[in-house]
Structures are given as structure tokens and as C-alpha cells.
Amino acid sequence: MSSSMKANQRLGFFVSFIRLSGAYWTERKRWRPRLATGILALLVFAQVALAIRLNIWSADLFDALERRSTDGAMNQIGIFVLIMFGTMITNTAHLMARRYLQLDWRRWLTAKVIGEWMHSARHYQTDVTPGDHANPDGRIAEDIRIATELAIDLGSSLLYCLLLLVTFVGILWTLSGWVNIAGMLVPGHLVLLALVYSGLGAVVAFTLGRPLVHATDTRQTKEAEFRFSLLRAHEIGEPIAIAHGERLERERLETVFETISQAWREQSISLARLLTFSSGYVTLAAVLPILIGTPRFLDGTLSLGRLVQSGQAFQQVTAALSWPVDNLAIIAQWRASVERVLMLDKAVREAALETARMGETALNLRRTANSHISVNDLTIVSPEGTTVLADLTLEVAPGEHVLVEGKPETVSVLFRVLAGIWPWGRGCVDLPLESEMIAIGPGPFLPQGSLRQVLAFPRGANGCDEATLRVTLSSLGLSHFAERLDETADWVQLLTVAEMQRLSFVRIVLLRPHWIVLHDATDALDPSSADFLLHVLRQQLPYA
């Protein structure tokens, strides 16, 4: 890949991240983030000002000690106390402002990504679409946290280093004076030395740390896959126990964890190379300017205080110039997380674009106050483009009962089209308004909360009176739930599939929709119970 292509990729990466998250600062009426960012920047300026004052103080202290001036030394002790308290207050305020901004940005971005992902079935559509966007839970919970927290940390430290560089280069230039090199008087030799030293260090560090970005990305991906495997094992715990499949499942989890071990080893090797070099680099930076300035100190052209000050200034300049090297591992971790969030965002946007497509080559789904359900020249395809069902035309009038038979996978996809969650295909589908229609599959959705709230969904809990709830539960064979209406639980985990399916029929009766689309909504019940539930629907909702 050419260098221009790599540069375009890097530019595209930052543009995509800014497009996704930049509105946190730019949206109207978002003055709090801008104010917090301004305060954080001012505190960084204060930190640099204190670092400059400490550098000057060290020169004054050692000059006083060199003169054996008791009064001078005592004055410097008093000044140091003020610098120390100023540093403590500034660093604490900086910490609080930084952490406020990190959490608030994370909260905003999490709400934005969840809002777009959990909208109009996009969460389902991205799940069935091939691509590098698996484990959305980890991307939202962990990668957004890393992306926002590290971005603030990196931005704050970069500003600090830039300010250090601007200020301490001037200090170091002044302290360097003029030195005779091969018969020529050269100014600012310590600045030149700092630039060369930092430049060589950056080249070596980037060369040694180049594999770290890929290794970090790989490790984070494997960690997410392991979390997903554990979640899957938890969700299917009962089938595993019934089949005594613990040994096989344990072996599978151990195998998945071994992929983390391999990624960990690759990352450790990259980190070890970088740490070996950086340890020597930092150690030498503390001593090098002192060694170079010693001859000038010995011949009396440089005081002890200025020698120490030049050493500290050299360290500050090289530290500022070494920001990319020092933060290489953090940048790698941040970029890997941002890329994972961007891949999820890309998949969600592609699902939204697919749903919004109109025309002859698109599946045109329209919801109006219809008196019928109609399907015209419908062809359904998989997300990969394989045809599942071709050239279907169908019309259902109010009160008409239609049974669709065929291959289970074909019937299942047709149900998803009628439920309004499958955008892949072409043709026209006219459906009633969402408020007039309900679609229920084999695993009905039961929100967390009280049973009263579950039965009233999507209406509010006040949508049904107590007597209606109790009578409806009793009519569908669930009278024993009448005393649990105010019990709060995760009902999906608590109930059997058969009980959940019975509750879904209770919801249908309570909601009284004009249109009902069912798919395997009674497959967990015995035939007599299933027939009974359907009979109740025909009695209670004769027009549906």
C-alpha cells in the first residue's frame, strides 16, 4: 500500500470519528462541553506555568546553595511551598474537569450509538448482516469508554506537551549559550541536541512499536469474542445442563480463551521491545545534558543552578517531543477501540440506508391506514443476496385468516417482512399503521419491569384497569399470575417459553389490534392449548 493511500486511510479514520462524535461540542445549546473543555485547557496552561516556575526555582535554589546563602535558600523553600500547593490544587482541578468531560462525552456518545442501533430493527438487521461488527455489547460498553476516555487523556497531554515545547525550547536556548565546536561558535546547542535525540528516539520507537497497533486490535477483538462466548453459555445454561454438555462447552470456552493468550503474547512482545528502548531513552535523557554542560560548569561559565536548570529544561523538551513515542501503546489501544465503534456505526448506517431504499430494486414497505395487507411482486433475498422467496403476490382483507405454509426458513423470512424488520428484497408491501397491527414470533418480547407493565406494553402501565387484567389472565389460563401483577422481574429469565407465549396472547387481547401476524407463536404449547388460545382470539377479536 502506498504512503498516499495510508495517509488517506488515516485521514478517513479521523473524519469518520469526528463525524460520529464531534457533534458533542458543535450541536446548538451544548455550552457545557465547550465550557468544560475551555476550563480543562486553562488548567493545562496553569500546569505548564507551574512547571516553568519550578524550573526557574530549581536554578535559584542551587545558585543559593552554591553561594551558601541561608536567607536565599530559606526564601526558595517558601516559594517551593507555594508552587507545591499551586500544583496540588491545579492537578486536582484538572483531574475533576477531565473526568467530568470523559464521562459526559461517553454518556452522550453511548446514547447516540444506542439510539441509532436500537432503532427500527437496526440492531436485528446488523446482527444478521455479515461483516466486522460482531459483539455490539462490547463495542458500546467497552470500546466507547476507551475511545472517549483515552481521547480526552491524549488531547490533554498533547496540549501540555506542545505548551512545554514552546516554552522550554526558549528557556533551553537561553541556557545553552554559545559553545565552540570545531572553531565555530554555535548557539542553542542543547536545543539541537534535544531535537536530534528525540528524532532518533521517535524513529527507533516507531520501528519497534509498529506491530503494536495490530496486536492491540487483535487482542481487544479476541477479548470481545470471549465475553460473547461466556454470554452465550449463560443464556443457554439450561440446555447445556440437560444435555450434560458442560465438558464440551468448557473446552470451547478454553479454546476461545487460548486465542486471547496468543494475542496477549504478541502484544507483550511488542510492548517489551518498546519498553526496553524507552527505559534506556528516558534514563539517558536525564543525564545527557548534565554531562554535556559539566565542562562549562567546571570552567566557571555556567553556575550550578543553571546547570541543573538546563538539565531539567532538556528533559522537558525531550519529553514533549517524545509524546508520540510515550503514548504509542495508548494510541494503539484508542485507535483499535475507535475502529470497532466505527465498524458498528457503519453497519447501522448501512442497515438504515437499506431500509430507506425505494424503487424497483428495493423492498418498498409502506404503512398507511389500510383496510388490507397486500404484497405485490415480492422477492425476498438474504443479506448476502441469495433469493429466499420470489414473485409473491398476496392480499388479506379484514377478518380474513390466512395460513402460510412452506419451508420453515422461507415462512420465517416472510414473517419478518410482514413484521417490518427485513429490508432485503424488492417489491411492494402495504401494511397497516404500527398502532393497528401486532406481530409476535416464537420468542415474544417481555420488557423488564412489573408484570403489569409487561402486559400493558407498548402502552403505559395505566392503560389497563385491574379488573380487565385479571379477567383476561383468567380467560387465557393464567389466573395464577393475577397476584403477581406488581412483581418486578426479568420475566424472560423467569418464565418458561410456554408461559411467555400465553402472556403474549394476553397482550394481544388487551391491545385489541385490528391486524395480527403470528409465526410459531404457539409452538411451545400442546395442540389443545394452542387451539384454545386461537379460539379465544377469534372470540375476543372477531374483526382481526
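Glu466 and Arg452 join their side chains in a salt bridge, with N and O 2.8 Å apart; the term stands for a side-chain nitrogen of Lys or Arg within 4 Å of a carboxyl oxygen of Asp or Glu. The two residues belong to distant parts of the chain, 14 residues apart, with Glu466 in helix α16 (residues 466-475) and Arg452 in helix α15 (residues 451-456). Helices here are DSSP runs of H or I with at least four residues, numbered from the N terminus. Glu466 is partly exposed at a relative accessible area of 32%, whereas Arg452 is buried at 14%. For these words, buried means under 20% relative accessible area, exposed means over 50%, and partly exposed lies in between, with a 1.4 Å probe and protein chains only. Through shared partners, salt bridges tie Arg452, Glu466, Arg470, Glu483 and Asp486 into one network.

The model is predicted, so local features need pLDDT of at least 70 and side-chain atom pairs count only at pLDDT 80 or more, while totals for chains, interfaces and linings use all residues. Residues are numbered from 1 along each chain as its sequence is written, and side-chain values use heavy atoms, leaving out hydrogens and water.

The structure holds 23 salt bridges. In general, side chains of opposite charge can pair when their charged atoms come close. One of the pairs is Arg219 with Glu223, whose closest N and O atoms are 3.4 Å apart. Arg219 and Glu223 are separated by about one helical turn because they lie four residues apart in helix α8 (residues 211-235). Arg219 is partly exposed, with a relative accessible area of 23%, and Glu223 is also partly exposed, at 23%. Another pair is Glu251 with Arg247, at 2.9 Å from N to O. Here, too, four residues in helix α10 (residues 246-298) place Glu251 and Arg247 about one helical turn apart. Glu251 is partly exposed, at 36% relative accessibility.

Turning to helix packing, α6 (residues 136-176) and α13 (residues 328-356) pack at about 135°, and their axes are 8 Å apart. Axes are lines fitted to C-alpha atoms, for helices over the stretch in contact, and angles between N-to-C directions run from 0 to 180 degrees. The angle makes α6 oblique to α13, given that under 35 degrees counts as roughly parallel, over 145 as roughly antiparallel, 65 to 115 as roughly perpendicular and the rest as oblique. The crossing of α6 and α13 is left-handed, meaning that the near helix is turned anticlockwise from the far one by less than a right angle, with clockwise giving a right-handed crossing. Residues in contact (heavy atoms within 4.5 Å) include Ile140, Ile144 and Leu150 in α6 and Ile331, Trp334 and Val341 in α13. By class, this contact of α6 with α13 has 15 nonpolar, two polar and three charged residues. Nonpolar covers Ala, Val, Leu, Ile, Met, Phe, Trp, Tyr, Cys and Pro, charged covers Asp, Glu, Lys and Arg, and the others, Gly among them, are polar.

Helix α6 also packs with α3 (residues 31-66), at an angle of about 35° and with axes 10 Å apart. The crossing of α3 and α6 is right-handed. Among the residues making the contact are Val44, Phe45 and Val48 of α3 and Leu159, Leu163 and Phe168 of α6. The contact of α3 with α6 has 14 nonpolar, four polar and no charged residues.
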